[in-house]
Amino acid sequence: MTMFQTIGAASDRVMATLVAGLEIEFGRGAGEALAARFLEAEESDFLWDARVSERWLGAYHAHDEEDFELDRVAIMGQLDGRWFVAVSIIDGDGNPHGLMGRRGFGSERQAREAFAVTH
């Protein structure tokens, strides 16, 4: 039997493993800073993978993506021990192309309340 777990559910372990690996490679103390840089560079992908809820908000009309159909999707999840609500730009295949905004929360309840009114 295969067990599947989202990044959000395992984010503490994922972050600890990432930091530990980076410290082995680049020295003690460098791991956390480098992990933060990885997350920042690939934020849209990490948040999309860590989502626990999503809601379609409508089409996204990009000026430079005329032959590409994109959507705005509200997402909620947990990454690195913190809850978030964000608006992602997603293509028809479910691949993230960017973020329109992100807010962090200290509890799931606060995130769910914000998610309910995100538009």
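pLDDT is the predictor's confidence in each residue, on a scale from 0 to 100. The mean pLDDT of the protein is 85, and 86% of its residues reach 70 or more. The structure is a predicted model, in which local features need pLDDT of at least 70, side-chain atom pairs count only at pLDDT 80 or more, and totals for chains, interfaces and linings use all residues. Residues are numbered from 1 along each chain as its sequence is written, and side-chain values use heavy atoms, with hydrogens and water left out. Among the elements, α1 has the lowest mean pLDDT (78) and α4 the highest (97). Where pLDDT is low, the predicted coordinates should not be read in detail.

The protein has four helices and four strands. Both kinds of element are DSSP runs numbered from the N terminus: helices are H or I runs of at least four residues, and strands are E runs of at least two. From the N terminus, the order is α-α-α-β-β-β-β-α. Of the 119 residues, 34% count as buried. Buried means under 20% relative accessible area, exposed over 50%, and partly exposed in between (1.4 Å probe, protein chains only). Contact means heavy atoms within 4.5 Å. Residues 24 or more positions apart account for 43% of the contacts with a separation of 6 or more.

The four strands form an open sheet in the order β1-β2-β3-β4, with antiparallel pairing. β1 and β4 stand at the edges with a single partner strand each, so one side of each is left without a neighbour in the sheet. The twist averages 20 degrees from one strand to the next. Two strands are taken to pair if DSSP finds at least two bridges between them. β3 and β4 (residues 96–105) pair in the antiparallel sense over eight bridges. Within this pairing, Phe 84 has Gly 104 of β4 as its bridge partner, and Trp 83 stands opposite Phe 105 in β4. Four residues lie between the strands of the β3 and β4 hairpin, where Gly 94 takes a positive phi near 80 degrees. Asp 80 lies in the loop between β2 and β3. Its phi is near 55 degrees, a positive value in a residue other than glycine. Asp 80 is partly exposed, with a relative accessible area of 41%.

The largest nonpolar core has 14 residues, and those with the most contacts inside it are Leu 47, Ile 75, Leu 79 and Phe 84. At least two residues of this core come from each of α1 (11–26), α2 (30–41), α3 (43–50), β2 (70–79) and β3 (82–91). A second, separate core of ten residues includes Ala 74, Trp 83, Val 85 and Phe 105. Such a core is a set of buried Ala, Val, Leu, Ile, Met, Phe, Trp, Tyr and Cys residues joined through side-chain atoms within 4.5 Å. In soluble globular proteins, nonpolar side chains tend to be buried together. Leaving aside neighbours within four places in sequence, the contacts of Ile 75 include Leu 47, Trp 48, Phe 84, Val 85 and Phe 115.

Helix α3 lies across β1, β2, β3 and β4, running at about 70 degrees to β4. Axes are lines fitted to C-alpha atoms, for helices over the stretch in contact, and angles run from 0 to 180 degrees between N-to-C directions. Ser 44, Leu 47, Trp 48 and Ala 50 are the buried residues of α3. Their cover includes β1, β2, β3 and β4.

Helix α4 (residues 108–117) has Ala 111, Ala 114 and Phe 115 buried. Seen down the axis of α4, its buried residues fall within an arc of 105 degrees, so they line one face of the helix. The arc is that of the directions from the helix axis to the C-beta atoms. The face turned away from the buried side of α4 carries the exposed residues Arg 109, Ala 116 and Val 117. The buried residues of α4 pack against β1 (51–60), β2, β3 and β4. Ala 111 counts as buried at 0% relative accessibility. Leaving aside its neighbours within four places in sequence, Ala 111 is in contact with Met 76, Trp 83, Phe 84, Val 85 and Phe 105. Ala 111 and Phe 84 are 27 residues apart in sequence and 6.2 Å apart in space, C-alpha to C-alpha.
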